[in-house]
Amino acid sequence: MKVPFVTLKPLERELDKELKMAFERVLDASFYIHGGEDEAFEEAFSVLCGVKHCVGCGNGLDALMLSLKALGIGEGDEVIVPANTYIATALAVSYTGAVPVLVDPDINTFNIDVSKIERAISDKTRAIIPVHLYGQPCDMDPIMAIAKQYGLYIVEDCAQAHGARYKGKRVGSFGDISGFSFYPGKNLGALGDAGAVVTDNRELAETVRALGDYGSDYKYHHIYKGHNSRLDELQAAFLLAKLPLLDKINENRRETARKYLEGISNPGIILPSVPEWAEPVWHVFGIRCSRRKELEEHLKKAGIGTNKHYPIPIHLQKAYEDLGYEKGDFPAAEEISETELSVPMYYGMTDDEIGYVIDSINSFR
């Protein structure tokens, strides 16, 4: 049996008619930027997230960067970022002119270690970016308390956590502003690049919209040195077609994760930890193994696709050597980078496929 790391085919087959109708609707309208599809998706997605405003943009990186710029963060500022996130989180900070300050994650949840945030705060700190990594919600209550105590903004990175809940409330609705990615492989994915910003603050939403439209609040009137980052009508239409299935998609992934958690019994494997207050959506199911390379080869020979999230942490990337960090500065992030292996997780996995992955992991010695 062959089991890919990810495939979109089951979802695309289920939504074949809806996706084709979405394409034809946009083509017939002959309107491709800032039209009715965009407006409809923004309204629907804001409702799902439990916030008042949604602004579509080009991708998840832009969603974070525009959020930070809308908050006025720039040169001379610092923003706290988990050390084991995808590099886009740090890049968003860098693109504003601010400096990302890294904090080690919790080795059990892979999310930012709340107990280490305060020691990273300086008089230059303006914001914290909690990343709901792999679709697992961060522990938001203490993070929000720290932000309130020090007068900091919270920018949630929800790029992998569409629909996840913390204590019953959707992620993206806690911070001052939040960014989502709709990269095709995400739980809610476009058929290309796309992103969105959500917030309860109307002024922030309007600023983000202007910043993403060449800095313009209306045509040919530019109030900022802005960017070109807009959600096009075609991607908005595809997202609208997929959005009604998001809860079903997430529940399917949770069921797969449940089977993994109950079925994987190999003592050499460390399974992800789920706090009682978390309702993750399992964009990634990441296990850890001290002999990752051998496990990866074992699964490859069995025809099972895997991935590593992420094999080089930010502080050891050449792009960020200017931050002055060294190997050993973030031991948990380094441990995760050296041992984490993501196994197949996608909507529509069959019981046979799930069972085969479990049996193959359990047979590794």
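Reader: Which helix gives the largest share of the lining of the largest pocket?

Author: This is a predicted model, where local features need pLDDT of at least 70, side-chain atom pairs count only at pLDDT 80 or more, and totals for chains, interfaces and linings use all residues. Residues are numbered from 1 along each chain as its sequence is written, and side-chain values use heavy atoms, with hydrogens and water left out. Helices (H or I, at least four residues) and strands (E, at least two) are DSSP runs, numbered from the N terminus. The largest share, four residues, comes from helix 5.

Reader: What volume does the largest pocket have?

Author: On a 1 Å grid over the protein atoms alone, a pocket is an open set of points where a 1.4 Å probe fits, with protein on both sides within 12 Å along at least five of seven lines; a cavity is a set from which the probe cannot get out; lining residues have an atom within 4 Å of a point. Grid points are joined across faces, edges and corners, and the volume is the space filled by probe spheres set on the points. For the largest pocket that comes to about 610 Å³.

Reader: Which residues are the closest to the centre of the largest pocket?

Author: The largest pocket is lined by 29 residues. They divide into 15 nonpolar, 10 polar and four charged. Here Ala, Val, Leu, Ile, Met, Phe, Trp, Tyr, Cys and Pro count as nonpolar, Asp, Glu, Lys and Arg as charged, and the others, Gly among them, as polar. The closest to the centre are Tyr86, Gln160, Tyr183, Lys186 and Tyr310.

Reader: Which helix gives the most to the lining of the second largest pocket?

Author: This pocket has a volume of about 450 Å³. Its lining divides into eight nonpolar, five polar and nine charged residues. Helix 3 (36-49), strand 1 (53-57), helix 7 (202-211) and strand 10 (216-218) each supply at least two residues. The most, five residues, come from helix 7.

Reader: How much space lies in the largest cavity?

Author: There are four cavities of 30 Å³ or more. The largest cavity is lined by 14 residues, and Leu8, Leu11, Lys186, Arg253 and Tyr347 lie nearest its centre. The space in the largest cavity is about 90 Å³.

Reader: Is Arg254 buried or exposed?

Author: Arg254 lies in helix 9 (residues 246-263). Buried means under 20% relative accessible area, exposed over 50%, partly exposed in between (1.4 Å probe, protein chains only). Arg254 has a relative accessible area of 18%, so Arg254 is buried.
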